[in-house]
Amino acid sequence: MDFSYKDYKALIYALNQTGYVICDYDSWCNFDRCVILRHDVDINLDTALDFARIEENLGVKSTYFILLTSDFYNLFSAKSRAILQSVLNCGHEIGLHFDETQYPETIGKPDMVTSKITEEAAALSTILQLPVTKVSMHRPSKEILKADMKIPGMINSYGKTFFNEFKYLSDSRRRWREQVMDIVNSGEYDRLHILTHPFWYLEASKGLHERLKEFVSNGNPERWDILDNNFTELPKELAKDEIL
Ligand SMILES: [Zn+2]
């Protein structure tokens, strides 16, 4: 499976054909054969919204976990809040994507991690004006994976349930560890937990190197546009074509 919208659509089609009900972290136990679709967002919100709309067109509802502590975007900005609202309007749920390395004092201390997750969930809830009841971990340590953390009022997608009772498949670093289509088509597992990162998916798939290069190269014009909104007569000081 490649990283184009077409291939993702083919995955959804295969799930439907093999009898998997697309469910979520609350409803999965009502189904004998089901799949949870999880998306982690840590680099770019625009690609998350593009993906959310693709899924809406497919009639799919899923969960988008958003990193609050990303250095690439500011979730409190009007632009980011509008994007998150649009993701919600597509019918999806938003959860918290949590990076424990942002808090070095909590390393190896699951109780402290739990309270930081609660704090960040409250902040994300303020942004969304909705309760945030799901969390996923960004590059979790072995200690956190082992801890099977219970967070009051929240479902931990890294809890033992979602690893022991589900077949977990992930496209981390833009690489499927196992052939996801083969596993779906085999029908071998009754419960699937599939993690995809919308950042990798495009109308036409690009290689890893090309995708990363494009993202970094687009940073300059994006920065210029933001500065233009905040600096009077920017083009007189720095023309946009100078930085392209
Ligand atoms: Zn992540």
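User: Which residues does Asp190 touch, not counting residues up to four places away in sequence?
Analyst: The model is predicted. Asp190 sits in the loop between α7 (180-186) and β8 (191-196). Leaving aside residues up to four places away in sequence, it touches Asp32 and Arg33.

User: Is Asp190 buried, partly exposed or exposed?
Analyst: Burial takes 20 or more neighbouring C-beta atoms within 10 Å, and exposure takes 12 or fewer. Asp190 has 15 C-beta neighbours inside 10 Å, so it counts as partly exposed.

User: What distance separates the C-alpha atoms of Asp190 and Arg53?
Analyst: Along the chain, Asp190 and Arg53 are 137 residues apart. Their C-alpha atoms are separated by 27 Å.

User: What span does helix α3 reach from its first C-alpha to its last?
Analyst: Helix α3 covers residues 78-89, which is 12 residues. At 1.5 Å a residue, 16 Å is expected. The span is close to that value, at 16 Å.

User: Within what arc do the buried residues of α3 fall, seen down its axis?
Analyst: The buried residues of α3 are Ile83, Leu84 and Val87. They line one face of the helix, because seen down the axis they fall within an arc of 95°.

User: Which residue just after α3 takes a positive phi?
Analyst: Helix α3 ends at residue 89. Just after it, a positive phi of about 100° is taken by Gly91.

User: What separation lies between the centres of domain 1 and domain 2?
Analyst: The domain assignment gives domain 1 as 5-205 and domain 2 as 206-244. Taken over C-alpha atoms, their centres are separated by 29 Å.

User: What radius of gyration does the protein chain have?
Analyst: The chain has 9 helices and 8 strands. Its C-alpha trace spans about 65 × 40 × 30 Å along the principal axes. For 244 residues, a compact globule would come near 18 Å. The chain agrees with that, at 19 Å.

User: What share of contacts between residues at least 6 apart in sequence join residues at least 24 apart?
Analyst: Of the 244 residues, 27% count as buried. Among contacts between residues at least 6 apart, the share joining residues at least 24 apart is 67%.

Terms used: Residues numbered from 1 in each chain as written. Predicted model: local features only at pLDDT ≥ 70, side-chain atom pairs only at ≥ 80, totals over all residues. Helix = DSSP H or I, 4+ residues; strand = E, 2+ residues; numbered from the N terminus. Expected span 1.5 Å × (residues − 1). Arc of directions from axis to C-beta. Domains from an automatic or database assignment. Rg over C-alpha atoms; globule rule 2.2 N^0.38 Å. Contact = placed C-beta atoms within 7 Å.
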